[in-house]
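Here is a friendly briefing on charged side-chain pairs. Let's take a look at the model together.

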Amino acid sequence: MLYFDHCATTPPYEEVVEAVREVMARHYGNPSSIHRVGIDAERMLTKAREVAARQLRAAPEEIVFTSGGTESNNTAVLGAALQYAGRGKHLITTALEHASVYECFEYLKQRLGYEVTVIQPDGDGRIRSQDVLDAVRDDTILVSVMHVNNEIGTIQPVREIGQALRQHRKVLFHVDAVQSVGKIPVWPGEWGIDLLSVSAHKIRGPKGAGLLYRRKGIALQPLLYGGGQEAGQRSGTENVPGIVGFAKALRMTMERQEGAFARLSGLRSRLLNALRTVPGLVYNGSESAADMAPHIVHVSAPGLKSEVFVHALEEHGMMISTRSACSSGEDRPSRVLQAIGADLDRAVSGLRISLSPDHTEEDIDRLADVVARTMEQLRRYR
């Protein structure tokens, strides 16, 4: 089997598996308990927070551990909108956001009466920073722009947006960095980002763990109430094994980021060049490699259903996906592809291939060959 669905999830590092196992077996205390078993767990939690903060060039008190990217995104968007509603009820986001952000804005608009400006991308899937800045009003309280689109892989100019938004002191800036952390640089404190979401299982950590970077001085209305854990932001007993595994995976991934970027960029280029020779495939994204994440290639096969293509590749031991794993089973056009101007035929036939630095050139060549042969077979019998 060759697994090319690393945007959906990643196999954990062996060192992470061992760390999680050890914490579960030996350091099982509740970090809120005041006896020595609880204090031992609290120390591990504190160490993990320090490690995670260091990887993001942040302070430990700016790290809020969550259950993953969805909770981090919900906490950032809903928590900020509800906390600062007294300043205004205008929000800005983009048409390209992950469902865990997009649906939050829909809820705030439909149920709570907020006004939401949705910035549209160009045909390459890129958001213009000036469009975001031009949409800011006196009553704007939150801007949310994802760093790397989880479907087609376009990199958004979040650094440029964040630094420009500094002149609007009442506007918070949230970035969904689930698909960028560990792949390309992102430094929230230096880039003017107030809130940043990260997920563990996208960087070879355990599922069920994530974090929200919350810049010092920012208050968010909690979504969970109870014991007041995570500095009152996220009540509930912390998932210490998952958090320790997350911190270890984050450190290991960040240490390898530069080398991984170079390798992934080469693999992506090789795959894209091969797929361009396949009749009937349409590439989705920018022609400029600098605008695209190094680990994602997205194409459409107009005239074919993407689910059929995925299962056909699976018969050859090749695992890819159609779109975000959160919505890959839905039989409807891709919202992201429609936002970049794709027609219905192209929007229902998207194929996402996401790479690992562990892949080889031989793996890429095998995949491209199977895609070409599958394309020919499906078009012949459709």
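Arg 126 is partly exposed, with a relative accessible area of 26%; buried means under 20%, exposed over 50%, and partly exposed in between (1.4 Å probe, protein chains only). This is a predicted model, in which local features need pLDDT of at least 70 and side-chain atom pairs count only at pLDDT 80 or more, while totals for chains, interfaces and linings use all residues. Residues are numbered from 1 along each chain as its sequence is written, and side-chain values use heavy atoms, leaving out hydrogens and water.

**Salt bridges overall**
- With a salt bridge taken as a side-chain nitrogen of Lys or Arg within 4 Å of a carboxyl oxygen of Asp or Glu, the count comes to 20.
- One network of salt bridges links Glu 115, Arg 137 and Asp 139.

**Pairs between distant parts of the chain**
- Arg 126 forms a salt bridge with Asp 291, and their closest N and O atoms are 3.7 Å apart.
- That pair links distant parts of the chain, 165 residues apart: Arg 126 is in the loop between strand E4 (115–119) and helix H5 (129–135), and Asp 291 is in the loop between strand E9 (282–283) and strand E10 (296–300). Helices (H or I, at least four residues) and strands (E, at least two) are DSSP runs, numbered from the N terminus.
- Arg 204 and Asp 358 also meet through their side chains in a salt bridge (3.1 Å, N to O).
- Arg 204 counts as partly exposed at 22% relative accessibility, whereas Asp 358 counts as exposed at 55%.

- Glu 18 and Arg 21 form a salt bridge, with the closest N and O atoms 3.0 Å apart.
- Both residues lie in helix H1 (residues 14–26), three residues apart, about one turn of the helix.
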